[in-house]
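Have the model open while you read.

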Amino acid sequence: MRRSWAAIGIAAAFLAGSVGLAAAPGSAQDGDLQALIQAAPVGARIVLPAGTYAGPIVIDRPLTVESEEGAMIVGTGEGSVVTIAADDVTLRGLTVRGSGISNDTEDAGVSATGRNLVIEDNTLTDVLFGIYLRQSPGSIVRGNEVGAKDLEPGRRGDGIRLWESAGSTVERNAVDGGRDLVMWYSNGLVVRDNTVTNGRYGLHFMYSDDVVVEGNRLSGNSVGAFLMYSRRFTFVDNHVSGNNGPSGYGLGLKDIDGAEVHDNTFVENRIGVYLDNSPTSPDVRQHFTGNVFAYNDVGVTLLPSVRRNVFSENAFVDNREQVARQGDGVLRDNIWTIDGRGNYWSDYAGYDADQNGIGDIHYRIEDLFAQVTDERPDLRLLSETPAAKVVDAAAKAFPTMRPDPKVIDDAPLVQPPMAAKHGGSLPAVQIITALALLTAGLLPTLAARRPRAEVAT
């Protein structure tokens, strides 16, 4: 029977350019799918009807293997379920499950090596690594749902991993419960419209230049996105919320040159954005524009050595600490006003007598207790307590105790710049606030908290 299916497959491939394999729902076609792949000519299209097909399988030539009806390939619980070892392979519309659990052999739902691959609209469950591409430039990973093994977090594999896969696109995937979504040694990536939840690093980049990260939702991870050792990075229109692990960065930048961070929402993270030695080059400036930092423990944290970052038109709304310095030293040479416009600060106590939208006195962060917590973060739990207020009151009463300001914004905005785009009325601010929190999935959580200032996106 298996040979007859292979013969039918060969004939169909030559006559119509596609191969069909019949399977009764729920059956396990041991060997049939692999035999069909082995028999198919280069460039054939194999269409699987609904049913269960036995893995593991190896695709070693340019083929399209797809299902329009939800065929399932089930592994044995050892090794990878689908291995791709050829260029120009498409895997589409399948459910893949049942990989092994070895991190040494990096068992995966789909393990691939080859150029110009398309891994699209698949569902991966009960897998250690989800989709793992090695040396697969020009590939597309799109529209997949990726789950994980029911293991301790430290033993799980990465939901999606790209290694030396320049010029690839990762978009519209939903990854839940894995370890990281990793992109290493891969220049020219586009990572767009993905949802990554309940992992360790939502996105983790290293040694990857000229990358665009756009429109992603990173929520409930230990870290939202961490970027390392890369140049010319664009991070735009992402929603980053509820990342509260030991470091808890919404976005971390370490040794990054040329980051452009625009129009993102950082809500309810431990730290909205963390900057370490970024930028690295003395002739590079990085820009943070149009972002919302709201309800984080800290809006932005910078190491004292960090220079040449430009912040303008952002909204800092009711973070427990708007800007923090990590470690000893003085923050300098970062810019908080450009072209006569600074940022919106919910704790700004100034005024706008001429009603031009710009505060008439500078905004300064120079509270003594925050300086103490910058050097001793474990004391941050005392923020907003009477003890903290006494320390800050003493610094104001005795100028000699006043610390050097961490931030001086020469032209603070008196309303969020996002609200100004909608006419600046209070109802508009409230509506935009609600939409922002609903988008981030945090409105029910925040409704139970004490009233806080408005935020708009």
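Is Arg 172 buried, partly exposed or exposed? Arg 172 is partly exposed, with a relative accessible area of 48%. On this scale buried means under 20% relative accessible area, exposed means over 50%, and partly exposed is in between, using a 1.4 Å probe and protein chains only.

## What you're looking at

This is a predicted model, where local features need pLDDT of at least 70, side-chain atom pairs count only at pLDDT 80 or more, and totals for chains, interfaces and linings use all residues. Residues are numbered from 1 along each chain as its sequence is written, and side-chain values use heavy atoms, with hydrogens and water left out.

Let's start with strand S27, residues 249-262, which is mostly covered: eleven of its 14 residues are buried. Strands here are DSSP runs (E, at least two residues), numbered from the N terminus. Two of them pair if DSSP finds at least two bridges between them.

S27 runs parallel to strand S25 (residues 223-236), with ten bridges joining them. Thr 234 has Glu 260 in S27 as its bridge partner. Glu 260 also stands opposite His 287 in S30; that strand (residues 286-289) pairs with S27 in the parallel sense over three bridges. Then there's strand S29 (residues 271-276), parallel to S27 and joined to it by five bridges. Here Lys 254 stands opposite Asp 276.

## Salt bridges

Now for the charges. Count a salt bridge whenever a side-chain nitrogen of Lys or Arg is within 4 Å of a carboxyl oxygen of Asp or Glu, and you get 25 of them. One joins Glu 106 and Arg 161 at 3.5 Å, N to O. Glu 106 lies in the loop between strands S9 (95-97) and S10 (108-113) and Arg 161 in strand S16 (residues 160-163), so the pair ties together parts that are 55 residues apart in sequence. Arg 161 counts as buried, at 11% relative accessibility.

Arg 200 and Asp 180 make another, with their closest N and O atoms 2.6 Å apart. Arg 200 lies in the loop between strands S21 (195-197) and S22 (201-206), and Asp 180 in strand S19 (residues 180-184), so this pair ties together parts 20 residues apart in sequence. Arg 200 is partly exposed at 40%, whereas Asp 180 is buried at 5%.

## Back to Arg 172

Arg 172 meets Glu 171 in a salt bridge (3.8 Å, N to O). Glu 171 counts as buried, at 8% relative accessibility. Both belong to a network of salt bridges whose members include Arg 45, Glu 66, Arg 142 and Glu 214.

Note on methods
Helices (H or I, at least four residues) and strands (E, at least two) are DSSP runs, numbered from the N terminus.
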